[in-house]
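Here is a tutorial dialogue on reading a structure.

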Amino acid sequence: MDASPQLVEFDPVGFQPEIKKDNLHFVSMGSGQILADPFLAFVSRILWGSKPPDVKMGSFGLYWVLSYTIQYAPGGVGRPIKIAVLKKEKGDWTARSVEGNDLQEPEQACC
């Protein structure tokens, strides 16, 4: 069995899983999805070269997408922007919040 991480999206109606791979290595959900999806595709192509980004570039692009979505969403999406990173350490997956100084660079560059 392959132990590498995978992104799986579950359909909200039928709950059928779709494995995201190759050039489609991102997914959005929620009330801002209609704005976030096309902007995520743009960020993936322009910023990430249509390849999965490292954590720093991924966080940067995600902050850009969230800022855009918050600015133009008619409702339901708002600040503060919160980003978390999953990382495998010593065989266990852990979540780490990206905050403070880690978000200053993307905030200054994109907004």
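**Reading the model**

Q: In which segment does proline 5 lie?
A: Proline 5 sits in the segment before strand E1 (7-10). Strands (E, at least two residues) and helices (H or I, at least four) are DSSP runs, numbered from the N terminus. This is a predicted model, in which local features need pLDDT of at least 70 and side-chain atom pairs count only at pLDDT 80 or more, while totals for chains, interfaces and linings use all residues. Residues are numbered from 1 along each chain as its sequence is written, and side-chain values use heavy atoms, with hydrogens and water left out.

Q: Is proline 5 buried or exposed?
A: Buried means under 20% relative accessible area, exposed over 50%, and partly exposed in between (1.4 Å probe, protein chains only). Proline 5 counts as exposed because its relative accessibility is 61%. Its C-alpha atom is separated by 9.6 Å from that of lysine 87, which is 82 residues apart from proline 5 along the chain.

Q: In what order do the elements of the chain run?
A: From the N terminus on, the order is β-β-α-α-β-β-α. That comes to three helices and four strands. Of the 111 residues in the chain, 24% are buried.

Q: Where is glutamine 16, and which residues does glutamine 16 touch?
A: Contact means heavy atoms within 4.5 Å. Glutamine 16 is in the loop between E1 and strand E2 (17-20). Not counting residues up to four places away in sequence, glutamine 16 touches Glu9, Phe10 and Asp11. With a relative accessible area of 55%, glutamine 16 is exposed.

Q: What share of contacts in the chain join residues at least 24 apart?
A: The share is 34%, taken among contacts between residues at least 6 apart in sequence.

Q: At what angle do the axes of helix H1 and helix H2 cross?
A: Axes are lines fitted to C-alpha atoms, for helices over the stretch in contact, and angles run from 0 to 180 degrees between N-to-C directions. The axes of H1 (residues 33-46) and H2 (residues 55-72) cross at roughly 145° and come within 9 Å. On the H1 side, the contact is made by Leu35, Ala36, Phe39, Leu40, Phe42 and Val43. On the H2 side, Gly61, Trp64, Val65, Tyr68, Thr69 and Tyr72 make the contact.

Q: How do the residues of the contact of H1 with H2 divide?
A: Ala, Val, Leu, Ile, Met, Phe, Trp, Tyr, Cys and Pro count as nonpolar, Asp, Glu, Lys and Arg as charged, and the others, Gly among them, as polar. The contact of H1 with H2 has 10 nonpolar, two polar and no charged residues.

Q: How far apart are tyrosine 72 and leucine 35 in space?
A: They are 7.8 Å apart, C-alpha to C-alpha, and 37 residues apart in sequence. Tyrosine 72, in helix H2, counts as partly exposed at 48% relative accessibility.

Q: What is phi of serine 50 and of lysine 90?
A: Phi of serine 50 is near 60°, a positive value in a residue other than glycine. Serine 50 lies in the loop between H1 and H2 and counts as partly exposed, at 26% relative accessibility. Lysine 90 is not a glycine either, and has a positive phi of about 55°. Lysine 90 is placed in the loop between E3 and E4 and is exposed, with a relative accessible area of 86%.

Q: Which residues lie nearest the centre of the largest pocket?
A: Rolling a probe the size of a water molecule over the atoms shows where empty space is left. On a 1 Å grid over the protein atoms alone, a pocket is an open set of points where a 1.4 Å probe fits, with protein on both sides within 12 Å along at least five of seven lines; lining residues have an atom within 4 Å of a point. The largest pocket is lined by 45 residues, and Leu7, His25, Leu62, Ala84 and Leu86 lie nearest its centre. H2 supplies the largest share of the lining, eight residues.
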